[in-house]
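Try each one yourself before reading its solution.

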Amino acid sequence: MPSFSCLAETEFAKITAALLKSKTGEFDLESVLYLKLRCLGIYDLGCIGECINLERLDLSGNYITSLKPLASLKLLIVLNLSANRITNFEPICLCDNLQSLNVAGNLISSFENLQCLQSLRKLESFRLKDISCNYTNPVCKNTSYRNIILEMFPNIKVLDGERLAGRGSDLYQLCRDIDDSLKAGIYKNGPLPEVLDCKPWVEEGYWDLKRSNNAIIEEAYKQFNDILHECRLLSNRAAHLISQTERALSINSQPKQYVL
């Protein structure tokens with residue numbers, strides 16, 4: 001079962017309209033396009049299905065088991081469900097526009113649990129394990145895991161953070177081949193001898209892949225929504241302060257009455 005080291009001090013068992021409005025600054029749930037509800041101790045998705053225009057949703061690091069309220073989110077493009085307790089993904093098979101799905105760190109024990117997702121024709125990025133966060137699923141222990149997933153989802157371009165097609169895919173394949181050779185010890189003179197005190201011969205970050213334009217746009221979109229959210233909160237506070245000030249001025253401007 002996944003561990004949740006990022007849980008916040010304040011926990012919300014169920015998603016409510018009040019919680020969504022406080023997190024987004026929106027009074028109309030249909031206006032919410034981006035929603036980040038990470039590590040809030042959420043068990044029940046509640047009324048999240050009312051955010052029908054939602055495009056990006058992060059629910060990672062919670063205690064979610066049922067995804068039923070997500071079935072109405074037809075415009076959802078990016079969905080992060082990592083580090084939860086999910087086994088059934090049938091509700092999100094109705095999210096036809098979904099392009100990126102992260103379910104690492106859940107309780108997926110069989111490939112049959114994923115068959116319902118094959119109807120997501122626009123799905124390009126699929127993650128079932130994340131080494132950097134130590135998130136995985138029981139199904140990932142299968143020795144044929146990678147081949148089976150690629151057979152089930154032939155159109156995906158990125159699996160577990162690794163690009164399968166397009167720019168950078170050849171480099172990933174080359175690194176995988178080299179890694180396999182090192183592990184197998186396939187050399188003319190026998191296994192590769194251990195080398196001590198080996199220092200890197202290129203600068204750090206030399207082999208890092210440059211972010212594609214799509215990734216840059218995606219990050220910019222995310223930052224823009226964060227800034228927009230802060231602006232809405234500031235606007236609400238300003239309106240409240242102006243209202244208080246106007247009331248105070250109206251009281252002070254009232255003519256004083258004197259008793260003779």
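**Exercise 1.** Which residues of helix α1 (residues 17-24) are buried?

*Solution.* A quick note on the ground rules: this is a predicted model, where local features need pLDDT of at least 70, side-chain atom pairs count only at pLDDT 80 or more, and totals for chains, interfaces and linings use all residues. Residues are numbered from 1 along each chain as its sequence is written, and side-chain values use heavy atoms, with hydrogens and water left out.

Step 1: Helices (H or I, at least four residues) and strands (E, at least two) are DSSP runs, numbered from the N terminus. Buried means under 20% relative accessible area, exposed over 50%, and partly exposed in between (1.4 Å probe, protein chains only).

Step 2: pick out the residues. In α1 they are L19, L20 and T24. These three sit on the same side of α1, because they span an arc of only 110° around the axis (taken from the directions from the helix axis to the C-beta atoms).

Step 3: look just past the helix. There G25 has a positive phi of about 80°.

**Exercise 2.** Find how many disulfides the structure holds, and check C51.

*Solution.* Step 1: the test is a pair of cysteine sulfur atoms within 2.5 Å. The structure has 0 disulfides.

Step 1: for C51, the closest cysteine sulfur belongs to C47 and is 6.8 Å away, too far for a bond. C116 isn't in a disulfide either, with the sulfur of C93 nearest at 5.6 Å.

Step 2: C51 is buried at 0% relative accessible area, and C116 is buried at 19%.

**Exercise 3.** Work out the strand order of the open sheet, then say which strands stand at its edges.

*Solution.* Step 1: strands pair if DSSP finds at least two bridges between them. The 7 strands run β1-β2-β3-β4-β5-β6-β7, with mixed pairing.

Step 1: β1 (34-36) and β7 (162-163) are the edge strands; each has a single partner, so one side of each lacks a neighbour in the sheet.

Step 2: zoom in on β7. Its pairing with β6 (residues 158-159) is antiparallel, over 2 bridges, and V158 stands opposite R163.

**Exercise 4.** Classify the pair formed by F126 and F153.

*Solution.* Step 1: rings of Phe, Tyr and Trp (its six-membered ring) pair if their centres lie within 6.5 Å; planes under 30 degrees apart are stacked, over 60 edge-to-face, the rest tilted. The count is 2 aromatic pairs.

Step 1: F126 and F153 are edge-to-face, at 5.1 Å centre to centre and 65° between planes.

Step 2: F126 is buried at 0% relative accessibility, and F153 is buried at 5%.
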